[in-house]
Amino acid sequence: MDGDFVVGGAFFIHYKLQTVVCNYTTKPETLRCTGSPTARELRFSRAMIFAIEEINNSTELLPGIRLGYRIYDSCASVPVAVHVAFQLSNGQDPVFNKSSNCSQTGMVVAVVGDSGSTTSITLSRIIGPFNIPLVSHFATCACLSDKQQYPTFFRTIPSDQFQADALAKLVNHFGWTWIGAVRSDSDYGNYGMASFLAAAQREGICVEYSVSFYRTDSRSKIQRVADVIRRSTAIVVVAFTASGDMRVLLEELAREPPPPRQWIGSEGWITDPNFLRYSVCAGAIGVAIQQSVIPGLRDFLLDLPPTKVAASSVLKEFWEDAFNCSLGKVSDLQRRNCDGTEDIKTLKNPYTDTSQLRISNMVYKAVYAIAHAIHNAVCQETNLTTSCDKNTRLAYKQVVTKLQKVNFSRNGYPVSFDANGDPVAFYELVNWQKSESGVIELVTVGYYDASLPKGQEFHINRNISWVEGGTQVPVSVCSQSCPLGTRKVLEKGKPICCYDCISCPEGEISNTTDSPDCFPCPSELWPNAQRDACFPKPVEFLSYDEVLAIILAAFSVSGACLAIITAAIFFHHRTTPIVRANNSELSFLLLFSLTLCFLCSLTFIGAPSDWSCMLRHTAFGVTFVLCISCVLGKTVVVLMAFKATLPGSNVMKWFGPPQQRMTVVFFTFIQIIICTVWLLLSPPYPMKNLSTYKEKIILECALGSAVGFWAVLGYIGLLAVFCFVLAVLARKLPDNFNEAKLITFSMLIFCAVWLTFIPAYVSSPGKFTVAVEIFAILASSFGLILSIFAPKCFIILLQPEKNCKKFLIIKN
């Protein structure tokens with residue numbers, strides 16, 4: 001149709017191209033489209049005509065100006081698209097009027113189309129250098145957003161970049177990490193799948209296979225693609241294909257249906273009503289262009305009187321194919337003649353189905369966008385009226401500039417373009433659901449809005465029907481999720497979604513599923529048996545509640561009582577020869593110090609504190625030095641007593657009771673000085689030992705200064721050795737009751753105990769270190785009291801006849 005300004009159009013009216021054999025000897029035949037016309041694409045072209053007629057009848061948009069149109073069939077073919085591009089660019093010869101105004105009748109100012117990315121790229125590359133804008137309704141390749149290569153390209157349908165992101169987030173939303181990928185071997189499929197795979201990788205999704213095909217490929221190649229789908233382990237298949245390509249694949253899969261597969265579809269085919277008959281895709285889910293309502297379009301589509309049909313070769317072909325009859329003479333297919341009873345209103349096919357207008361609205365918006373651009377270029381707004389000059393010579397560049405700035409709404413749907421010529425991305429989430437009658441229907445279950453904040457783009461507001469009519473989300477993973485307490489270990493040579501689950505090592509946990517790593521618990525916490533949580537470590541110390549502590553405490557108290565009882569016996573028999581002969585003052589002091597030795601072991605039991613740590617070591621050191629000093633004094637007394645019996649000896653006056661007391665005080669004072677220096681410089685303190693055991697905490701007393709501790713022990717050992725040497729020297733003195741023998745035996749026990757204590761102390765773990773130290777204190781204390789006082793008590797209590805001076809001075 002002619003007009004003041006002409007809008008071009010390009011659609012896939014046919015999907016097949018007549019095969020032309022080029023022998024290079026004759027001129028090739030003109031390219032022709034064959035096959036049955038595509039009802040859906042015919043509706044798109046008729047929607048363009050409807051929009052133009054609606055604009056021509058409008059008093060607000062382009063008043064007084066009539067738009068014309070020139071619509072071509074690109075046949076989904078690049079060679080035909082090239083031919084169409086040149087026809088749109090050339091136009092008709094201009095007619096010069098005598099008024100010298102140049103009429104632009106027949107000149108295409110903008111083009112709507114094409115229905116595919118590859119043909120749109122072809123059109124844009126040819127008409128782009130002439131600055132002729134191309135506004136596509138169905139070309140979604142992200143590559144077309146490159147303004148360096150396609151500066152005059154616009155589209156009313158979102159870019160595949162948004163669709164790829166939406167599909168990847170959709171797959172991730174349902175927890176699918178192991179998928180198959182199928183794409184059209186075209187710009188739409190290759191660019192779209194590349195964007196999807198990149199987005200899927202960001203979402204942590206793995207692809208088992210990625211195959212491509214084209215509808216013109218040989219059946220063997222289509223069959224190989226179908227076999228890959230049949231043999232795969234991935235339940236979910238993402239198909240980024242054009243409608244014509246998907247039809248070929250579904251026909252092949254229908255011959256030998258694969259195991260249940262959950263199909264995820266791109267907008268190129270997911271809403272095509274022709275595919276709803278394929279049960280293999282029941283439960284398919286995908287993104288689709290928003291449903292819309294175009295008032296009056298259905299009536300326009302159904303307004304096809306016989307005269308209009310007969311006047312158009314395309315409509316005539318559609319009519320004959322739809323009703324399987326022939327307008328005119330009977331064709332070679334022996335169809336019946338159309339008798340006039342055919343009613344298009346009773347026809348059920350994609351042409352008449354306007355229940356879910358999606359791409360048709362993209363065509364509608366594309367025409368209105370061009371109309372608004374022309375309006376802004378040739379019309380002037382006054383206070384009350386709008387005047388348009390149809391004789392304005394409109395430059396293509398001017399239309400491009402105005403298109404970049406259009407911003408309007410039509411039927412409630414906004415239209416605008418960003419810097420890349422793309423609209424705001426908004427998709428519906430559609431699902432193929434079986435109705436109660438068993439028919440597969442297209443149901444909207446949610447939406448995806450790219451303008452919303454990250455993480456809020458998806459909204460699902462209806463139950464989804466999955467593969468085989470299931471209500472549970474199918475599982476499609478290469479490896480099952482690793483439970484808590486384990487970590488993922490990748491399988492060599494396989495994608496990151498294929499892994500083994502390994503238990504966390506000792507001391508580490510993982511508290512999330514599919515954890516890539518285990519992490520250690522804090523120093524005072526330890527994992528539970530499942531290794532999925534950290535709990536406080538049990539605290540260990542020698543407690544009074546334990547059997548070992550009770551036994552040691554009982555021995556300690558018993559030893560103290562034994563020392564007190566012995567002191568009582570000695571005090572009661574203090575006037576007897578055996579008590580008096582053994583220096584009763586040192587004996588009572590020794591028993592007192594032994595009582596303290598027994599009791600100081602109690603300070604080692606219980607939870608360590610600042611005071612108990614300082615007290616236990618210093619009390620032990622001082623009381624034992626006091627004890628050894630007394631024994632040393634008794635040993636010296638024995639030696640001096642023997643020397644005193646020699647003629648002319650006056651030794652005892654130099655080591656009488658005052659000297660003995662001073663000796664004990666002197667030796668004890670040295671230990672007190674050592675302990676005081678230790679406490680002042682680096683005293684013992686309570687600490688939590690986290691190194692001996694990984695799974696528990698040992699409360700113990702740190703030495704503070706190891707030098708101080710070993711100085712205390714060393715001093716005790718030095719006195720003990722000195723005392724032992726003197727006792728050995730005096731062991732063969734001729735007295736019948738020689739105390740030096742008893743002291744020698746007691747010192748032998750004492751030294752043996754503390755020599756074995758050192759390695760046992762160093763190697764004993766945890767609370768047993770304290771138990772070893774208590775045992776050494778008790779053993780040495782019992783050794784002293786039993787070796788020195790038990791024989792005397794035996795004589796005092798059981799053999800009183802030997803408790804006489806005569807018996808004590810008998811010579812051997």
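To find it in your viewer, select residues 39-56. From first C-alpha to last, H1 reaches 26 Å, close to the 26 Å expected at 1.5 Å a residue.

Before going further, colour the chain by pLDDT, as this is a predicted model. The chain average is 86, and 92% of the residues score at least 70. Now select residues 93-104, where pLDDT stays under 50. For this stretch the model has 10 contacts beyond four places in sequence.

Rolling a probe the size of a water molecule over the atoms shows where empty space is left. How many cavities of 30 Å³ or more are there? The count comes to one, and the largest cavity has a volume of about 60 Å³. To centre your view on this cavity, select Phe541, Leu542, Leu699, Glu700 and Val770, the closest to its centre among the 12 residues that line it.

Which elements each supply at least two residues of that lining? Show strand E30 (697-702) and helix H20 (767-798) to see them. The largest share comes from E30, with three residues.

For a last stop, colour the lining of the largest cavity by residue class: you will find seven nonpolar, two polar and three charged residues.

Key:
Residues are numbered from 1 along each chain as its sequence is written. This is a predicted model: local features need pLDDT of at least 70, side-chain atom pairs count only at pLDDT 80 or more; totals for chains, interfaces and linings use all residues. Side-chain values use heavy atoms; hydrogens and water are left out. Helices (H or I, at least four residues) and strands (E, at least two) are DSSP runs, numbered from the N terminus. The expected span of a helix is 1.5 Å times one less than its number of residues. On a 1 Å grid over the protein atoms alone, a cavity is a set of points where a 1.4 Å probe fits but cannot get out, and a pocket is an open set with protein on both sides within 12 Å along at least five of seven lines; lining residues have an atom within 4 Å of a point. Grid points are joined across faces, edges and corners, and a volume is the space filled by probe spheres set on the points. Ala, Val, Leu, Ile, Met, Phe, Trp, Tyr, Cys and Pro count as nonpolar, Asp, Glu, Lys and Arg as charged, and the others, Gly among them, as polar. pLDDT is the predictor's confidence in each residue, from 0 to 100. Contact means heavy atoms within 4.5 Å.
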